[in-house]
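Dear colleague,

Please find the structure below, with its sequence. The findings follow it, together with the criteria applied.

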Amino acid sequence: RAPTTEPMSGTPTKNNKRPLEERLSSPPAAPSSRGRKASPPKSARRVTPSVEPMLRHVVMFQIKPSATADQKEAMAAGIRGMTEKIPEILKMTCGPDLGISDGNHGFVLCADFAGESTYQAYASHPVHAEVIKALIKPIIEPGSRTAVQFSLVQASL
């Protein structure tokens, strides 16, 4: 079949009645009469380049037996509250061990970051430092903290 117009002319074609400029500057057209949905023009598609892989930070520690319920709740609330004060945190969850298996750590937190640079910004953030100093350090067993940061990109081992 012969083309009905030149590729970038903007002139309506048999298959698409709107000029190219209009198609690029307006929302996609309604589905065609054949029932297929029109896809948005390439210029309207969201492209999110990723320079570094997403990263997950996991921290585990034991809580001192002398810690009160109020101290434990204040610590958990302080950790959860960091998500509203430190924009680099994409997602954060935390909680006490359920006691299902012996030998586990007593508390864990998991946080996701867009990459290493956003994790480093979180790690050095003053709010993070204050939560550690005021709410975590006073109630954790010395030497019990362990942490790992790993890529969320599937890695082959």
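In helix α4, which spans residues 126–136, the buried residues include His128, Val131 and Ile136; buried means under 20% relative accessible area, exposed over 50%, and partly exposed in between, with a 1.4 Å probe and protein chains only. These three lie on the same side of α4 because they cover an arc of only 55° around the axis, the arc being that of the directions from the helix axis to the C-beta atoms. Pro126 and Lys133, on the other side of α4, are exposed. The cover over the buried residues of α4 includes β1 (55–61), α2 (69–85) and α3 (116–123), where contact means heavy atoms within 4.5 Å. Helices (H or I, at least four residues) and strands (E, at least two) are DSSP runs, numbered from the N terminus.

This is a predicted model, in which local features need pLDDT of at least 70 and side-chain atom pairs count only at pLDDT 80 or more, while totals for chains, interfaces and linings use all residues. Residues are numbered from 1 along each chain as its sequence is written, and side-chain values use heavy atoms, with hydrogens and water left out.

As to the sheet, 4 strands form an open, antiparallel arrangement in the order β2-β3-β1-β4; two strands pair if DSSP finds at least two bridges between them. Its edge strands, β2 (91–96) and β4 (146–151), each pair on one side only. From one strand to the next, the twist averages 10°. Axes are lines fitted to C-alpha atoms, for helices over the stretch in contact, and angles run from 0 to 180 degrees between N-to-C directions.

β1 is joined to β4 by 6 bridges, with Met60 partnering Thr146 and Leu55 standing opposite Ser151. Another 7 bridges join β1 to β3, where the partner of Phe61 is Phe107. Of the 7 residues of β1, 5 are buried.

The second largest pocket holds about 200 Å³ of space, a volume being the space filled by probe spheres set on grid points joined across faces, edges and corners. On a 1 Å grid over the protein atoms alone, a pocket is an open set with protein on both sides within 12 Å along at least five of seven lines, and lining residues have an atom within 4 Å of a point. Its lining comprises 13 residues, of which Val59, His128, Ile132, Ile136 and Arg145 lie nearest the centre. At least two lining residues come from each of β1, α3 and α4.

Yours sincerely

Technical notes:
On a 1 Å grid over the protein atoms alone, a cavity is a set of points where a 1.4 Å probe fits but cannot get out, and a pocket is an open set with protein on both sides within 12 Å along at least five of seven lines; lining residues have an atom within 4 Å of a point.
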